[in-house]
Amino acid sequence: EQHLRLATGQSSESLLQKEAYGVWAEALNTESNGALRVESFPPPFATASNMWDRVTAGVADMGIASLNNTGLPLKAAFVASLPGLGRNTEAASVAMWKLYEKGLLDVALDEVEVLGFQTAIAFTLNSKTPITKLEDLKGLRVRVADANSANAIAALGGAPVSIAFNEAYQAIDRGVVDAAVGNVNTGVIYRFAELLPHEQPAMAFGMTTFVFAMNKDAYANLDDAGKAAIDAWRGERLSRFMGAKQNDFRTSFEARLTEAGQLIRAEMDEAELARWSVAIDPVVAQWIKDTPKGQEVYDTFLAEYNTIDGAN
Amino acid sequence: MTQADIHLAQHTPAEPCRARRAIARGDEVIGQIARRVATFGAVLMLGVALITTFDVMIMRWLFDSPIAGSNEIFQTIFPAAIALVLASGLSDRAVLEIDLLGPLFGPAGLKWLRAIGAVLFVATLGLLVWAVWKQALSSWNRGTITTILKVPLWPFYFVIAASFLLCLPAQLMVALRAAADLHSRWWVGVLVVFCGMALALSATISWFGGLSDFFMTHTLTAAGLLVLLLWVMILLYVPLAAALSVTAALGILAMFGPSQAINVTGNETKGLLVSLDLAVVPFFLMMGGFAIQSGMSKDIFAFAQALFSPFRGGLALSTIGGSAGFGALTGSSVATVATIGSVAYPEMQKRGYSESLAAGAIASGGTLGQLLPPSTAAVVFALLVEQSIGALYMAMIIPAFLTITLYFATILIIVRIRPGAAPKGEPWDFAMIRTTGLRALPAIAMFGIVFGGIFLGIFTATEAAGIGAVVAYAVLALRGGLKGGGFWQVMAETTRSTSMIYFLIIGALITTFFFSSTGLSEAMVGLIGSLNLEGWQVVVLLCIVYVALGFVLDSMAIMMITASISTGIVAAYGYDPVWWGVVMVVVVEIGVITPPFGLNLFMLKSVAPKIRMNAVYAGVMPFVIADILKLALLIAFPVIVLWLPGML
Ligand code: NA
Ligand code: NA
């Protein structure tokens, strides 16, 4: 029996751990017929900000790392966080894996054994009052969490502000910012939705990508049965499972918020959406220009995404 | 010799000889270099505060066009600035140890123990230097960058690594000087202590390296034994930061291996330096220092004295009031102790308050930093347990006022029982109230700006710390206090306290990692869940375990490790998670003032270095009793917590 420490970055009682990460860990244990004993470790064993370090140093054997928090100079791997894409996380997670398989993602990821990807529920613009046109966004202070959403908000005429997560609730409550780029996950679990009930659903602001990473030595030291159990889940299966879970969470979170009156969708007509799309085009164009093989990465991602999205 | 040199002053120096003079000279030279570097670091911090103020007040609030990613200064320049001040704290002997068994060892024994402790600290620093250099190298190799502005991180990490490197000779000189004084022939002490420790350490390290099987199969026993080792070191006068780091590093070495021990050490150190939660501490230290230099603190306490004059212990009462006011600004109890302590302690001393009453009021008043919203402990709980931060904040308000009331009552009872603890009251003098009130206006205005800014949503609590430092600096400048070295004195005091508290927390964080990977705390909490008790018995037992954990772990660490599991247990008995969240915040805040391991007590010691730890320990006890009474009330009557959020 080989013992593997899985750093989840999630508390042991969280929905994500109970219904997704823990399920996978348990499946590895059963399907390996006792060759593996994967044990989940919640923070502070590893937190979002040190996950990559913990896995590469072999403190954790496996970990789930948010690419934003690795600090790595990634470019291509941030494709899913571009604005204006769809909101199907199953399709996006599998598309990320396909990009990886084709060798289109950044080589920095090769420091670990990549087991799969998960894109989180897509960001939308959430605000205190409805935002239906670009004029509503003019000069509005919007909390953002990454470079792509910061660029998108700036391109749309808003003022992107970055505020640490543990101060975000109070900052929104007191009016330091008037809106935030976020998803229903934070809306429900951290109750941001009670402060920001209005959502503009027409435009998505990208999906945060997580990588399921395994320490290279830990993988190499597995016996054949252990490797086989890990490999059986590796790639499309793991990515599809995790991405589909995110879709399920979104559906149930949206239902809960709608019922509580904390998810009020703002209107936007075709003409207005076209103005928004034109405004964010330069953000995407700039990303393609700055990214090695940028056009190919973007096109391949969209093609893979649409294939799976269309099949659902 | 520096004025802060407490330890050396306690024993008569050995006969001067050429070697001792050379060591002392080396100590002084390195101390001077370290102080120059530290001053640069402190000025850099003030620069960060100025940039923050400009961005927040001018760019964001006035023009709605904030500097994008400006908060990334806190990931880059600010950690480097903090690292720059660390070495000077060591040269100034700003190192925390717990003096519990002094009489047992006698002066000669203490000299030996302190020399050994100083050498262990050198070894700890060796580990830290190595670990931090590896972090810097890996940042260089990976090309890591910040999230939004994409600024390369390696230059800052190398500054941090170089700053840690400077700590090594600084502490080496401290240890050499202590060892050379042990015996009439200077080299005897040096040889015995240095060679002895080198042998002992290498033996211990290779022994622990081979313990991996024992740690894997008997994890809880091993964790328990390490707690014991930690306590032995603490009782033997090993500096707390070194005792924590050494114990935890040995544990990680046994459980994970040498390269992992180095990695965790480096990673936790880096993580602490970039942590926003603690970044407020140096700012609030500066704000307090400037307020003292400019006379603002004297003014505000003179006003408080006039207001509370009929009561014996009036200044202690106003310390609690001031802590409550400050606690409504910041989410941190150490920041509250840092600010209120540096201001209130000298004032109370001057007016004849007993050391223990002053210490008790300041250290326990500091818990209001967490008990009144905003509160980082509540945020951590809300994040882990997935509860509304807003509901939790509402629920905390009545318990916070209960705390203030009970602390007031505690002070009034103390001065009734021991009238010598505080000067006697005098009838109100309304002319005095008016003149002191007028003189306190700038201080009140400063408070108004900082408090109003947060309340009106102009800036966040973290940003307020930097803005507060800038406003206090401006008042000092306007009052002409920058002349005559006042500014540099504030900078020196800030760096001294910052160094002490950061080294301590580095140790606490490595310890936290180790215990989180052993599952010790979860096992204790889980055991209670399996005992088949009544609901209230479970709650009481959990609270007892938390207070016990507070003897070895930092409050925030306890919260992070156990919040979700203990909430699961009490929720199964039908208790409201919001109520439990408030109870947990209250319990872990008792932990920060209970001896011997209490962060608030250490912070107080670092801003008031002359205070005796024993007086601090004695002083907080009545307040701990008041806290336990409060806890009993919250458990017996959950409505105290749940009434206000229920109104919404
Ligand atoms: Na507070
Ligand atoms: Na304690």
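**View 1. Surroundings of B:Glu268 in the predicted model.** Leaving aside neighbours within four places in sequence, B:Glu268 is in contact (heavy atoms within 4.5 Å) with A:Asn50 and A:Arg54 of chain A, and with B:Leu509, B:Ile510 and B:Phe513 of chain B. B:Glu268 belongs to helix H10 of chain B, residues 258–273, where helices (H or I, at least four residues) and strands (E, at least two) are DSSP runs numbered from the N terminus. B:Glu268 has a relative accessible area of 10% and is therefore buried, a term that means under 20% relative accessible area, with exposed meaning over 50% and partly exposed in between (1.4 Å probe, protein chains only). This is a predicted model, in which local features need pLDDT of at least 70 and side-chain atom pairs count only at pLDDT 80 or more, while totals for chains, interfaces and linings use all residues. Residues are numbered from 1 along each chain as its sequence is written, chains are lettered from A and ligands numbered from 1 in the order in which they are written, and side-chain values use heavy atoms, with hydrogens and water left out.

**View 2. The loop residue B:Tyr353.** B:Tyr353 is placed in the loop between H14 and helix H15 (355–365) of chain B, and it counts as buried because its relative accessibility is 8%. Apart from neighbours within four places in sequence, its contacts include B:Gly313, B:Gly314, B:Leu315 and B:Ala316, as well as B:Met348 and the residues B:Ala421, B:Ala422 and B:Pro423. The C-alpha atom of B:Tyr353 is separated by 23 Å from that of B:Pro596, which is 243 residues apart from it along the chain.

**View 3. The second largest pocket.** On a 1 Å grid over the protein atoms alone, a pocket is an open set of points with protein on both sides within 12 Å along at least five of seven lines, a cavity is a set where a 1.4 Å probe fits but cannot get out, and lining residues have an atom within 4 Å of a point. The second largest pocket holds about 620 Å³ of space, a volume being the space filled by probe spheres set on grid points that are joined across faces, edges and corners. Its lining has 27 residues, and B:Ile300, B:Phe301, B:Gly322, B:Ile340 and B:Phe447 lie nearest its centre. H12(B) gives the largest share of this lining, 7 residues. By class, the lining comprises 20 nonpolar, 7 polar and no charged residues, where Ala, Val, Leu, Ile, Met, Phe, Trp, Tyr, Cys and Pro count as nonpolar, Asp, Glu, Lys and Arg as charged, and the others, Gly among them, as polar.

**View 4. Domain 1 against domain 2 in chain B.** The domain assignment gives domain 1 (3–202) and domain 2 (278–646) of chain B, with bounds that come from an automatic or database domain assignment. In chain B, 38 residues of domain 1 are in contact with 31 residues of domain 2. The area buried between these domains is about 3000 Å², of which carbon and sulfur atoms give 82%; buried area is the accessible area (1.4 Å probe) that two parts lose on being put together, summed over both.

**View 5. The second largest cavity.** About 220 Å³ of space lies in the second largest cavity, and A:Ser162, B:Ser70, B:Asn71, B:Phe74 and B:Glu463 lie nearest its centre among 22 lining residues. The lining draws at least three residues from each of domain 1 and domain 2 of chain B.
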